[in-house]
Amino acid sequence: MKQKTDVLQGTLALMVLKTLDVLGPLHGYGIARRIEQISGDLLAVNQGTLYPVLLKLEQEGAIASEWGASENNRRARFYRLTKEGRKQLQVETKDWEQTAAIIGRFFEAKAEDLP
Amino acid sequence: MKSVKRFLTRVFNSATRRAQEERLREEIAEHIALQTAENLRAGLSTIEARRQAMLKFGGVEAMKEDYRAERGILFIENLLGDLRNAGRTISRMPGLAAVIIVSLAIGIGVNTTIFSWIQMILFQPLPAVTGASNFLLVEPRSDTAGYPGASWLEYRDLQTQVPALRDVVASQMVPFNVGEPGKTERTHGQLVSGNYFSALGLKPAIGRFIRPEEAERSGTEPVVVISYDYWQTRFRGSPTALGQTLRVNDRDLIVIGVAPRDFQGTMVPLKFELWVPATMTPALLGGVRVLEDRTSRAFSLIGMLKPGAKPQEAQAEFTTAMAQLARDYPDASAGMGGEVLPFWDSPRGPQRLIISGLAILQGVMLLLLLAVCGNTANLMLARGSTRQREMAVRVALGAGRWRIASLVLSENMLLAFLGAGLGAAFAVWGTTALRIAPIVGAFPILFPTKVDAFTLAFAIVLGVACGLIFSAAPALYLARLDPQDSLRSGPNTPPRSRARKVLMGVEVGLASVVLIAAALFLDSFRNARQTDPRFRLEGVLLAAYDRSGRNPDDASDREFAARLLERLRSLPDVEGAAIATNVPLDLHGIPSRPFTVQGRVRTEPGQDRAISNTVTPGYLNVLGIPLLEGTDFADMRDKAAPPQAIVNEEFVRRYLNGADAIGRSLQARKQNFTIIGVARNSAYDALGEPPQPAMYFSYRDRPSYQGEIHLRTRSGNEAALTAEARGVLRELDPMLPLYDVRTFSQHIDRNLYLRRIPARMFAVLGPLLLGLAAVGIFAVVSYAVARRTREIGVRLAFGATGSRVVLQIIRENLGAIARGTAVGWLLALVISLHAFPNSPLNLSVFLGVPTILLAVATLACWLPARRASRIDPMAALRHE
């Protein structure tokens, strides 16, 4: 149970960072929309799970937040990437690509490829 | 790093919980509003748009849980919750909580006070001096004369010959007569080496200290450093004190500086007011040759260890240096060795006595605290079992065992910390009370105890330890509960009383050890006041004089004493007058000296020693000590008689096997004396001491520059003689003050001061502990009885009489108590036999204390038992 949330949270965190990197400061709903648009199902039902992730990132210093006005002119919390967050994103992107490559190769390997 | 930051943020968040909750609520509302707007644009109806938005967001409460878990620290929040809960629980039982907190506070307060004293002696032996725990006393030692001190020249040699010591300082304590003729005042000071203040690392409050070059050549630098208190009282703390002159022993000294506030010299607990260069000694003390004479061992040395050096290295180097000195100067140093000693092991002063006494006291008081803990554990356990149901509900709702334990723990810890806090406050009060202790004996004494961070830490550690000790049992008990069982059966299950009974026994056992110790101590203290000293102390006035500043020699000292006595005896209210070098029953003791006596051959190695006091003719008469044989000393001006000595009965019994002593020759103090009389035994060092062998010498043969005047009054009002005695001395020498004037009863009271402190502690704490034990037993038994209401009801219904029920309840509980008492009694007996192997067993204490304890315990059992036996059987059966 715990492991599953951790995996989900890890993936979500990376998506949040990437979103903020590409789109600049955004409120929670905006981030959720963006992730939904790109990843499809992941947040289709449980958009709420985003908020603990945002909090965790903020506590780690990867993102910062402040109050601002949303598009319907109400108070909303806007999140933006910090310098530290940008660095973290780079590192994690690289890690992710490496992991993905390894896993990819692993699944592509067929029995006859093995010595 | 990241995890640290996150942790800190979480701690912070825990504190700002409310604002955070508000923020999340707002964010969720906004999120859902935006999603609803989006859905509306997609063409959904208002209600449906909102419903879909909510669905999409997911479970709000579950998410909030996650969010909270992420935000704060569960542990800390639980703890805060527990503490709040504990605060509520405690405020619901104010009586019980007060008993627990106050009893803990007293236990912790007493222990902290004693500890502050011990730690002062061990770790901060010199007030206002930092790093004094690295200082060592450097004590030359002779086989025959103990620790005689060091000579000035020897000190100069040792300064360079013990490399493990970065500095060695020398000091000599001297009583000065300060002021103009006719109104001099006795003030204690130290003659010190030039490096004294710099090596101690002190900074003057104002002015400067003695410079090394000011203690190089004899008698050239008439300067003085004064203590902070002296500056405040004599100069009103004015900076103009610098440069003024003080008339000291008839010489003008210039005040050059003021010592820091708490500095009281280097012979703690003595308190000194003046510091003068040692090279002023001949000028101030009438031309004595201390600076050139290697046999004049007047100085005490203190060495400061180099960083990293060990006391053992210093000891080895010191031994080598002393051996070399013995070869170079056989006249002065033959047979001399030396020891480096920590301050608490000082061969002079009461330190050694105090530290061993304090160690025992601390041990007893820790036992007392343990008994208090046992009592508290019992009270908490009894209370804990009434909360079975509450705990069972908590467990059933999903609280883990650890949560239950931590709930109980936090309650007890809160109690323990409240107790420790109050205890620390008691300790502050206690140490202040110690500090304002009166002057003891002829020397000004100040115990520089205070509650510092170290002592406070001790109080807190005690608090934590107590909390853990008395939490353990209830926490274990409640955490092991089976919720189903407790919920189903309610409060009528037979109680698991084993733990409580064992605890009750342990508590009573500890209490009996402490009570026996307290009773023994109080008994000996009371005896000490009532024991016959075997001399008549009523109606005797004591007062001291000191001619050390007056160029004294034997002839003038003898003549002075003779004339003083003549004048004193001529006063109308004086029945008898005498002078002695020592007063019995003094805190500092009477010296004992080695001797040989004609007709005694010592078989074992070492030397015979006896108490030695030098007195004028008439001394025995003034104190009412009968001469059993022979005669009193010859007149002070008699030049014909040979040197004389009087010994006491015990001397004759021990060293002469009771044979006739008169006329035998006695060698002591490098002189030959003839024994001319045998005096009755009396008390010398302590009241009620076993008989000690003693020798009296005559002032005629061994005149001294100082003396204690003993005056016996005719009228019985000895204090009224003070003014007349003062006048007599002033007529004889206007420069000499009469000091330390007191009646003999006052003298004894002051010297019992050190024993009175623990005596008072015990007098208060003993009954208190007894009361606590009674409360503990009462609580446990009433609880146990309340749980068995139904059983008792059944018995009564079947015809058991009330008294039978009472008897049975008492018997059940008294068993555990009696076993505990017996174990404690045995323990106390073993300790007592071990610590005081020679004194007879104090039967009244060893029988009385358990009797009282058991009587009180029986009463504490009887009260709740009687109440139980009076219940209406029908009501009891319907109970529940």
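**View 1. Helix H7 of chain B and the elements that cover its buried residues.** In this predicted model, the cover over the buried residues of H7(B) includes strand S1 (135-142), strand S2 (165-178), strand S9 (300-305) and helix H11 (311-328), which belong to chain B. H7(B) itself spans residues 152-161, and its buried residues are Trp152(B), Glu154(B), Tyr155(B) and Leu158(B). Why do these buried residues line one face of the helix? Looking down the axis of H7(B), they fall within an arc of 145°, so they share one face.

**View 2. Helix H18 of chain B packed against helix H26 of chain B.** Here the axes of H18(B) and H26(B) (residues 802-835) lie 7 Å apart, at an angle of about 35°. The two helices cross in a right-handed sense.

**View 3. Helix H18 of chain B meeting helix H27 of chain B.** The axes of H18(B) (residues 498-530) and H27(B) (residues 843-869) come within 9 Å of each other and cross at roughly 135°. That angle makes H18(B) oblique to H27(B). The crossing is right-handed. H18(B) contributes Val508(B), Ala511(B), Ser512(B), Leu515(B), Ile516(B), Ala519(B), Leu520(B) and Asp523(B) to the contact. From H27(B) come Val845(B), Phe846(B), Val849(B), Pro850(B), Leu853(B) and Ala857(B). How do the contact residues divide by class? There are twelve nonpolar, one polar and one charged.

**View 4. The side of chain B that touches chain A.** Four helices of chain B, namely H1 (2-15), H2 (17-41), H3 (46-57) and H4 (60-71), each supply at least two residues to the side that touches chain A. Which helix gives the most? It is H2(B), with nine residues. By class, the residues on this side of chain B divide into eight nonpolar, five polar and eleven charged.

Notes:
Residues numbered from 1 in each chain as written. Chains lettered and ligands numbered in written order. Predicted model: local features only at pLDDT ≥ 70, side-chain atom pairs only at ≥ 80, totals over all residues. Axes fitted to C-alpha atoms, helices over the stretch in contact; angles between N-to-C directions. Parallel < 35°, antiparallel > 145°, perpendicular 65-115°, else oblique. Left-handed = near helix turned anticlockwise from the far one by under 90°. Contact = placed C-beta atoms within 7 Å. Nonpolar A, V, L, I, M, F, W, Y, C, P; charged D, E, K, R; others polar. Buried ≥ 20, exposed ≤ 12 C-beta atoms within 10 Å, placed from the backbone. Arc of directions from axis to C-beta.
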